[in-house]
Amino acid sequence: MPTDQTFVIVGASLAGAKAAETLRGEGFDGRVILIGAEAQRPYERPPLSKDYLRRETTDKPYVHDEGFYDENDIELRLSTQVESIDPSASQVVLAGGERIGFDRLLLTTGAEPRRLDVPGGDLDGILYLREIADSDAIADRIDAGGKLVTIGAGWIGAEVAASARTKGCDVTVLERSALPLERVLGPELGAIYRDIHADHGVKLLADTALESFEGSRAVESVRTADGRSIDADFVVVGVGVAPRTQLAEAAGLELRNGVVTTERLETSVPGIFAAGDVANALHPLYGEHIRIEHWANALNQGPAAAHNMLGQQAPYDKIPYFFSDQYDVGMEYAGYATEWDEVVFRGDVEAREFIAFWVTGGRVVAGMNVNVWDVIDQIQAIIRSGDMVDPVRLADQDVPLEELVPTVDEAERR
Ligand SMILES: Cc1cc2nc3c(=O)[nH]c(=O)nc-3n(C[C@H](O)[C@H](O)[C@H](O)COP(=O)(O)OP(=O)(O)OC[C@H]3O[C@@H](n4cnc5c(N)ncnc54)[C@H](O)[C@@H]3O)c2cc1C
């Protein structure tokens with residue numbers, strides 16, 4: 001790559017920072033400009049609903065040391081909003097009008113919380129969680145104690161509920177579905193998470209829709225569609241995120257549930273790439289576009305995008321992976337299951353030390369280890385193999401997982 005090239009990354013996020021790191025690691029010695037709207041240098045978000053929220057650590061979860069960007073000659077421009085992209089001129093336009101030309105552009109603009117449009121939705125004390133400042137604000141409320149209602153029992157709602165409960169708050173969770181985390185995990189695992197929260201004293205109002213928030217200036221109660229009123233000193237809303245596609249849309253990039261990319265993470269405009277929460281990437285293993293809103297995807301797609309920006313052929317084919325920690329229950333999930341025939345359990349479900357496998361047509365499409373560790377590589381290998389599995393052997397703890405994974409020779413023969 002000639003040294004006079006400029007690669008611009010919009011979104012000083014995990015994906016953006018890892019892409020910049022990879023560009024330098026690969027020996028690219030042109031300009032690397034990493035632009036972010038937030039005041040903080042790139043950081044990781046998972047601790048914001050876990051140990052950082054509980055103030056078990058005051059360390060901010062930065063991706064890199066402060067000196068990293070200067071040392072690697074990465075021009076980090078924080079508190080800087082990119083207003084638009086001009087693809088025909090190959091320029092980005094900053095708030096204030098400055099234009100920066102690019103030879104390659106990477107969009108890592110991530111996602112933002114969906115906002116509730118209900119009566120009382122702008123009362124004081126109704127909080128959303130995405131950034132460090134949001135986590136600090138919620139931590140202040142948790143430390144003050146009192147009654148928390150979370151709207152939604154997805155990952156954010158469930159993790160905030162667990163953290164607040166651990167710190168002694170009275171917690172009610174309002175959920176439209178019958179079970180927490182049901183949309184992703186299905187009813188079998190949703191029921192396990194319902195019980196975990198119940199054991200810790202969280203009140204779950206399932207199958208319950210939100211009607212409004214009530215209070216004179218600050219929220220005082222949450223009204224449900226079936227007419228109940230729940231006292232609240234503060235509320236955390238976790239009803240999902242939406243990909244930040246405004247820039248891409250105005251620039252005419254193809255959109256469909258995020259910014260559509262090839263398996264090399266290139267968008268419909270050659271030379272412009274996308275990675276992380278915002279990217280709806282063609283996945284070679286699944287043969288369809290999937291958009292993943294998880295940490296590992298940002299961590300790994302950033303570098304993959306950087307390789308492709310450098311002209312390398314680096315299709316992104318990692319199996320989706322995420323993790324969650326609630327109370328003393330840690331889990332990892334690998335795979336992509338939108339429908340399945342059965343869930344096969346291996347281990348002790350009662351003791352919450354088990355692996356669950358989602359099986360479709362005799363093949364494992366996803367797996368989740370709960371308080372069982374060092375098995376995620378084997379789970380991913382089973383999924384990637386696409387082999388038929390015997391559910392009895394899958395469930396039998398005496399059959400080592402390795403025996404269910406095809407050997408390298410077998411895999412190569414396919
Ligand atoms: C509280 C919380 C807990 C989480 N916990 C987990 C977990 O346990 N496990 C897991 O797998 N995942 C978890 N996630 C999800 C994970 O953090 C995200 O998938 C990841 O942050 C996505 O990274 P990203 O690089 O795509 O973008 P983001 O982290 O969304 O960052 C995008 C950045 O781009 C900036 N930006 C956007 N538009 C512009 C613009 N026009 N100009 C300049 N800058 C712009 C934004 O300000 C932002 O800083 C959690 C997320 C949150 C919020």
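**Group meeting: a walk through the predicted model**

Okay, let's start with burial: of the 414 residues in the protein chain, 51% count as buried, where buried is under 20% relative accessible area, exposed is over 50%, and partly exposed sits in between, using a 1.4 Å probe and protein chains only. Before I go on, this is a predicted model, so local features need pLDDT of at least 70 and side-chain atom pairs count only at pLDDT 80 or more, while totals for chains, interfaces and linings use all residues. Residues are numbered from 1 along each chain as its sequence is written, and side-chain values use heavy atoms, with hydrogens and water left out.

Now the overall build. The protein chain has 11 helices and 26 strands; these are DSSP runs numbered from the N terminus, with helices (H or I) of at least four residues and strands (E) of at least two. The radius of gyration is 23 Å, close to the 22 Å from the globule rule for 414 residues, so the chain is as compact as a globular protein of that length. That radius is taken over C-alpha atoms, and the rule is 2.2 Å times the number of residues to the power 0.38. Along the principal axes, the C-alpha atoms fill a box of roughly 65 × 60 × 35 Å.

On to charges. There are 38 positive and 70 negative side chains, and the centres of the two sets lie 3 Å apart. Lys and Arg count as positive, Asp and Glu as negative, with His and the chain ends not counted; each charge is placed at NZ of Lys, CZ of Arg, CG of Asp or CD of Glu.

The structure holds 24 salt bridges, meaning a side-chain nitrogen of Lys or Arg within 4 Å of a carboxyl oxygen of Asp or Glu. Let me show you a few. Arg99 and Asp86 meet in one of them, at 3.4 Å from N to O. Arg99 belongs to strand E6 (residues 99-101) and Asp86 to strand E4 (residues 82-86), 13 residues apart, and the pair links distant parts of the chain. Arg99 is at 46% relative accessibility, so it counts as partly exposed.

Next up, Lys167 pairs with Asp143, the closest N and O atoms being 3.0 Å apart. Lys167 is in the loop between helix H4 (155-166) and strand E11 (170-174), and Asp143 is in helix H3 (residues 132-144), so this bridge ties together parts 24 residues apart in sequence. Lys167 is partly exposed at 34% relative accessibility, and Asp143 is partly exposed at 41%.

One more pair: Glu293 and Arg291, with closest N and O atoms 2.7 Å apart. Which partner is buried and which is partly exposed? Arg291 is buried at 14% relative accessibility, while Glu293 is partly exposed at 31%.

Last topic, backbone angles. Most residues other than glycine have a negative phi. Leu265 has a positive phi near 70 degrees; it lies in the loop between strand E18 (259-261) and strand E19 (272-274) and is buried at 0% relative accessibility. Asp374 also has a positive phi, about 60 degrees. Asp374 lies in the loop between strand E26 (363-370) and helix H8 (376-385), and at 72% relative accessibility Asp374 is exposed.
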